[in-house]
Amino acid sequence: MRRIVSIAAVLVGFAGAAQACPDFNQSGPGANLTASQMRKGVSYSVQAGGNSLVWDCPNVRPGTDRGAGYFTSRPDFTFQLSGMGGSRLAVSVVSQCDAALLINTASANWYYDDDDNGNYDPKITLTRPADGYLDVWVGTYDGDVCDAVLTLQSY
């Protein structure tokens, strides 16, 4: 009996951890954006941070950087992109701490970055972004919380 209770407790623990992981089935605040609207850059204020270590989340497997990053379950932003054919999209963060960036694209691909924007800030460039939803999480490398600015720029 004790073994059954222990197994049940472990399964509940995993279920709780999975619920806190970034989840593209949830939506964050956002906007409808076209490639031409983002040519000069579109910026949004955000509080970076979260309490779920991305690498503890079995549903998130970015094919990019492998650094640490703590994120919320709900995306910070959900954008509906259109007119992206032939464009590139740079998604970057400038923050007051060591920020991290997590993206789930319309084609269900995960991307992660920690420092490619310099000064401990992240940047991800999508070379062939598709029209559709783009979920964006702005987290932090170490679980801290700070003010940040997210910018999307097409070119």
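## Aromatic pairs

Phe 79 is buried, at a relative accessible area of 0%. Buried means under 20% relative accessible area, exposed over 50%, and partly exposed in between, with a 1.4 Å probe and protein chains only. Its ring partner Tyr 44 is partly exposed, at 21%. The model is predicted: local features need pLDDT of at least 70, side-chain atom pairs count only at pLDDT 80 or more, and totals for chains, interfaces and linings use all residues. Residues are numbered from 1 along each chain as its sequence is written, and side-chain values use heavy atoms, with hydrogens and water left out.

How many aromatic pairs are there? The count comes to seven. Rings of Phe, Tyr and Trp (its six-membered ring) pair if their centres lie within 6.5 Å; planes under 30 degrees apart count as stacked, over 60 as edge-to-face and the rest as tilted. One of the pairs is Tyr 44 with Phe 79: the ring centres are 5.2 Å apart and the planes stand at 45°, so this pair is tilted. The pair links distant parts of the chain, with Tyr 44 in strand E2 (residues 42-48) and Phe 79 in strand E5 (residues 77-82), 35 residues apart. Helices (H or I, at least four residues) and strands (E, at least two) are DSSP runs, numbered from the N terminus.

Trp 55 and Tyr 112 are edge-to-face, because their planes are at 65°; their ring centres lie 5.7 Å apart. Trp 55 sits in the loop between E3 and E4, and Tyr 112 in strand E8 (residues 110-113). The two are 57 residues apart and link distant parts of the chain. Both Trp 55 and Tyr 112 are buried.

Asn 104 belongs to strand E7 (residues 99-104). Asn 104 is buried, at 3% relative accessible area. Contact means heavy atoms within 4.5 Å. Leaving aside neighbours within four places in sequence, Asn 104 contacts Phe 24, Asn 109, Trp 110, Tyr 133, Leu 134, Asp 135 and Trp 137.

Among these contacts are Phe 24, Trp 110 and Trp 137. Ring pairs link Phe 24, Trp 110 and Trp 137 into a cluster.

## Disulfides

The whole structure holds two disulfides. A disulfide is a pair of cysteine sulfur atoms within 2.5 Å. With the bonded cysteines numbered in sequence order, the pairing is 1-2, 3-4.

Cys 21 bonds to Cys 57, S to S 2.2 Å. The link is left-handed, at -90° about the S-S bond. Cys 21 lies in the loop between helix H1 (2-20) and strand E1 (32-34), and Cys 57 in the loop between strand E3 (52-53) and strand E4 (70-71), so the pair ties together parts 36 residues apart in sequence. Both cysteines are buried.

Cys 97 and Cys 146 have their sulfur atoms 2.1 Å apart. The S-S torsion is about -55°, so this disulfide is left-handed. It links distant parts of the chain: Cys 97 is in the loop between strand E6 (89-95) and E7, Cys 146 in strand E11 (residues 146-154), 49 residues apart. Cys 97 counts as buried at 17% relative accessibility, and Cys 146 at 9%.

## Thr 151

Strand E11 also holds Thr 151. Which residues does Thr 151 touch, not counting those up to four places away in sequence? They are Gly 41, Val 42, Ser 43, Ala 90, Val 91 and Ser 92.

The side chains of Thr 151 and Ser 43 make a polar contact of 2.8 Å. A polar contact is a pair of N or O atoms within 3.5 Å; within protein, one must be able to donate a hydrogen and the other to accept it, and residues adjacent in sequence count only if both atoms are side-chain atoms. Thr 151 and Lys 40 are 111 residues apart in sequence and 10.0 Å apart in space, C-alpha to C-alpha.
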